[in-house]
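Here are my notes on this model, point by point. Please read them with the coordinates open.

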Amino acid sequence: MNSERPPWLDAALLDAEAFGLDFPRGTRGAAAREIPRGAAEPAANPVTTPRAAEAALDAIAREVEACRACSLGACRTRSVPGQGSAQARLFFVGEAPGAEEDSQGLPFVGAAGQLLTKMIAAIGLAREQVFIANVLKCRPPENRDPAPAEMAACRAFLMRQIESVDPDVIVTLGAHATRSLLQREGPLARMRGERHRCGRAELVVTYHPAYLLRSPDMKRAAWEDLKRAKSLLDAPSRA
Ligand code: URA
């Protein structure tokens with residue numbers, strides 16, 4: 001037992017160990033209740049009053065739906081703008097919708113999404129408390145990698161979503177999300193080991209859940225990243 005373990009982590013970490021780091025489902029204790037934003041947060045942020053943030057996110061979703069800036073707009077079933085709380089303090093960024101997401105219009109609802117939901121639960125949060133979006137809002141055919149031109153065409157939507165939600169911590173899932181937000185090339189393993197910011201938010205780099213499904217040995221490293229994201233959320237509020 002680790003005596004330095006913060007109280008919020010107890011149930012989740014014990015479960016994670018018991019599950020052999022197969023991220024636990026539904027650790028909904030005290031830590032899963034609304035996370036209060038710190039009192040030191042700047043009061044005047046016009047974008048992040050709850051109503052303004054929701055309106056901004058709705059407007060972005062409508063623009064995404066109408067977007068034909070790249071060819072993906074014409075071959076998708078549904079656009080997948082993103083999902084979650086407009087007041088989320090934790091914001092996850094994935095790569096692009098897959099088949100299930102394309103059919104439902106919601107991010108991370110397939111196999112990788114089920115693992116992501118467990119990863120979120122493992123740090124004591126519910127999906128509804130965070131915001132989840134992708135670099136691309138439309139599915140690339142055959143789930144191929146996003147093309148640079150598609151990422152560039154879609155990037156403003158993601159940046160406006162981040163500005164609207166104004167999270168304290170962003171977790172990028174995999175190389176495409178990390179490179180898009182940091183606007184930097186480089187191996188994921190190196191960027192994962194560094195500290196980053198994205199605007200007002202701390203940015204934590206971790207592995208994509210689809211990769212974790214293929215490489216379960218890497219779950220332990222992802223678990224460390226998630227604990228770091230959670231400890232940043234628990235740290236005194238940003239200036
Ligand atoms: N993979 C992603 O990157 N995003 C999704 O929404 C689903 C799978």
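1. Glu202 counts as buried, at 16% relative accessibility. Buried here means under 20% relative accessible area, exposed means over 50%, and partly exposed is in between (1.4 Å probe, protein chains only). Glu202 sits in strand β6, residues 201–206. The side chain of Glu202 makes a polar contact with the side chain of Arg195, at 3.4 Å. A polar contact is a pair of N or O atoms within 3.5 Å; within protein, one must be able to donate a hydrogen and the other to accept it, and residues adjacent in sequence count only if both atoms are side-chain atoms. Not counting residues up to four places away in sequence, Glu202 touches Asp168, Val169, Ile170, Arg195, His196, Arg197 and Leu232. Contact means heavy atoms within 4.5 Å.

2. On provenance: this is a predicted model, where local features need pLDDT of at least 70, side-chain atom pairs count only at pLDDT 80 or more, and totals for chains, interfaces and linings use all residues. Residues are numbered from 1 along each chain as its sequence is written, and side-chain values use heavy atoms, with hydrogens and water left out.

3. The overall picture. The protein has 10 helices and six strands. Helices (H or I, at least four residues) and strands (E, at least two) are DSSP runs, numbered from the N terminus. Of the 239 residues, 49% are buried. Take contacts between residues at least 6 apart in sequence: 75% of them join residues at least 24 apart.

4. The core. The largest nonpolar core holds 56 residues, and Leu90, Phe91, Phe92 and Ile170 touch the most other members. Helix α10 (residues 219–234) gives the most to this core, with seven residues. A nonpolar core is a set of buried Ala, Val, Leu, Ile, Met, Phe, Trp, Tyr and Cys residues joined through side-chain atoms within 4.5 Å. What does Phe92 touch, not counting residues up to four places away in sequence? The list is Leu116, Ile120, Val130, Phe131, Ile132, Ala133, Val171, Leu173 and Leu226.

5. Arg76 deserves a look. Is Arg76 buried or exposed? Arg76 counts as buried, at 11% relative accessibility. Arg76 lies in the loop between α3 (72–75) and β1 (83–84). A polar atom of the Arg76 side chain lies 2.5 Å from the backbone oxygen of Glu65. A polar atom of that side chain also lies 3.4 Å from the backbone oxygen of Val64. Leaving aside neighbours within four places in sequence, Arg76 is in contact with Val64, Glu65, Cys67, Arg68, Asp102 and Cys138. Arg76 and Pro97 are 21 residues apart along the chain, with C-alpha atoms separated by 9.6 Å.

6. Helix α6 against helix α7. Two packed helices are described by the angle between their axes and the distance between the axes. The axes of α6 (residues 148–165) and α7 (residues 175–182) come within 10 Å and cross at roughly 75°. That makes α6 roughly perpendicular to α7. Axes are lines fitted to C-alpha atoms, for helices over the stretch in contact, and angles run from 0 to 180 degrees between N-to-C directions. Angles of 65 to 115 degrees count as roughly perpendicular, under 35 as roughly parallel, over 145 as roughly antiparallel, and the rest as oblique. From α6, Met151, Arg155, Leu158, Met159 and Ile162 meet His176, Ser180 and Leu181 in α7.

7. Arg160 is also in helix α6. Arg160 counts as partly exposed, at 31% relative accessibility. The side chain of Arg160 makes a polar contact with the side chain of Glu63, at 2.8 Å. Leaving aside neighbours within four places in sequence, Arg160 is in contact with Ile60 and Glu63. Arg160 and Ile60 are 100 residues apart in sequence and 7.7 Å apart in space, C-alpha to C-alpha.

8. Backbone check. Phe108 has phi near 50°, a positive value in a residue other than glycine. Phe108 is in the loop between α4 (99–104) and α5 (111–122), and is buried, with a relative accessible area of 6%. Asn143 has phi near 55°, again positive in a residue other than glycine. Asn143 is in the loop between β3 (131–134) and α6, and is partly exposed, with a relative accessible area of 45%.
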